[in-house]
Amino acid sequence: MKFGFNVPVRGPGADPAGMTKIARRAESLGYDYISVTDHIAVPRNIDSRYPYTEDGMFPGRAGEYLEPLTLMGFLAGITDRVQLLTSILVVPHRPAVLAAKMISSLDVMSKGRVILGIGAGWMREEFEAIDAPDFDARGRVTDEYLQAFRILWTEQTPTFHGEHVTFNDLIFEPKPVQPRGPRIWAGGESKAAKRRASTLADGWFPVGNNPKFPLDTMERYSAAQDEVKDLSQNADRDPAALDFAYWAIWPWTGGAETTTDGERRLLTGTAEDLKGDVKRFEDRGVRNLSIMLLGGSLDKTLDNMDRFADQIMSKI
């Protein structure tokens, strides 16, 4: 099993000194990847419903966010081994050719350590604020941009003519270090997200606490994972070639949390509970687990990293 966590993009630790301590501690403790979230400009008034809280309120309304691809360049320069994951990059937020070049450059400068977690986005107001493509077309835009990325990353004379992006007669160099470009993990829990994971991406990377599509028990996760595998087979792709990752966005406190149907929520409870959950995920072919280690201060985040590495990672 590979373990990773999100570094802070705002608040305590979201500065050069704090980020350096977190990233280098992650490498020394044996974490496999560190990840960054994506917001560019947060509007003052948000009516869009956030998918990952019961009341739909977005917890990041204060608006302080480091830009993720820029931050990943910094992280690449201060680390040697740990992989760098976007968790997640909202694909329509950046023009396709520009985004492809930024991601390719990051892969070159990190010596092939980039993983591209992606999604179509949820906040209409942010799309409008940054002049992104039509929010209502975001799923089609995302699919088209992903196809364009692959062509730019792999073909010597890249050409693409779509509804939302068109290019030809380009020299697109340097290519990513990874032969087909970074592995793409499609985030999201909806039917559309599962289809994207199974037909266009290299893996599926859902969050466990979506109230509309909860994946907070092994039974719920397994049923959804089987859907992804079936969709992959229907698209003449091998499900065994997909990466399966999971994001437990809730903090590990040592206490068990209860789901709406009265079961213990995955990856909560004692250290023994967590080790059992990790084994069950492994049995399902999940090889990447993202956990929540951010604390209210830099020292608390570092303590959480130490505690999880000592009590869970070192025992598996």
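The largest nonpolar core has 93 residues, a nonpolar core being a set of buried Ala, Val, Leu, Ile, Met, Phe, Trp, Tyr and Cys residues joined through side-chain atoms within 4.5 Å. Buried means under 20% relative accessible area (1.4 Å probe, protein chains only). This is a predicted model, in which local features need pLDDT of at least 70 and side-chain atom pairs count only at pLDDT 80 or more, while totals for chains, interfaces and linings use all residues. Residues are numbered from 1 along each chain as its sequence is written, and side-chain values use heavy atoms, without hydrogens and water.

**The core**
- Among the residues with the most contacts inside this core are Phe 5, Tyr 31, Phe 149 and Tyr 246.
- Helix H5 (residues 138-154) contributes the most to this core, namely 8 residues; helices (H or I, at least four residues) and strands (E, at least two) are DSSP runs, numbered from the N terminus.
- Leaving aside residues up to four places away in sequence, Phe 5 touches Tyr 31, Ile 291 and Met 305, among others (contact means heavy atoms within 4.5 Å).

**Strand S9 and its neighbours**
- Strand S9 (residues 243-251) is largely enclosed by the rest of the structure, because 8 of its 9 residues are buried.
- Strand S8 (residues 203-205) pairs with S9 in the parallel sense over 2 bridges; pairing requires at least two DSSP bridges between two strands.
- Gly 203 lies opposite Asp 243 of S9.
- S9 also pairs with strand S10 (residues 288-292), in the parallel sense over 4 bridges.
- Trp 247 has Ser 290 in S10 as its bridge partner.

Definitions and conventions:
Buried means under 20% relative accessible area, exposed over 50%, partly exposed in between (1.4 Å probe, protein chains only).
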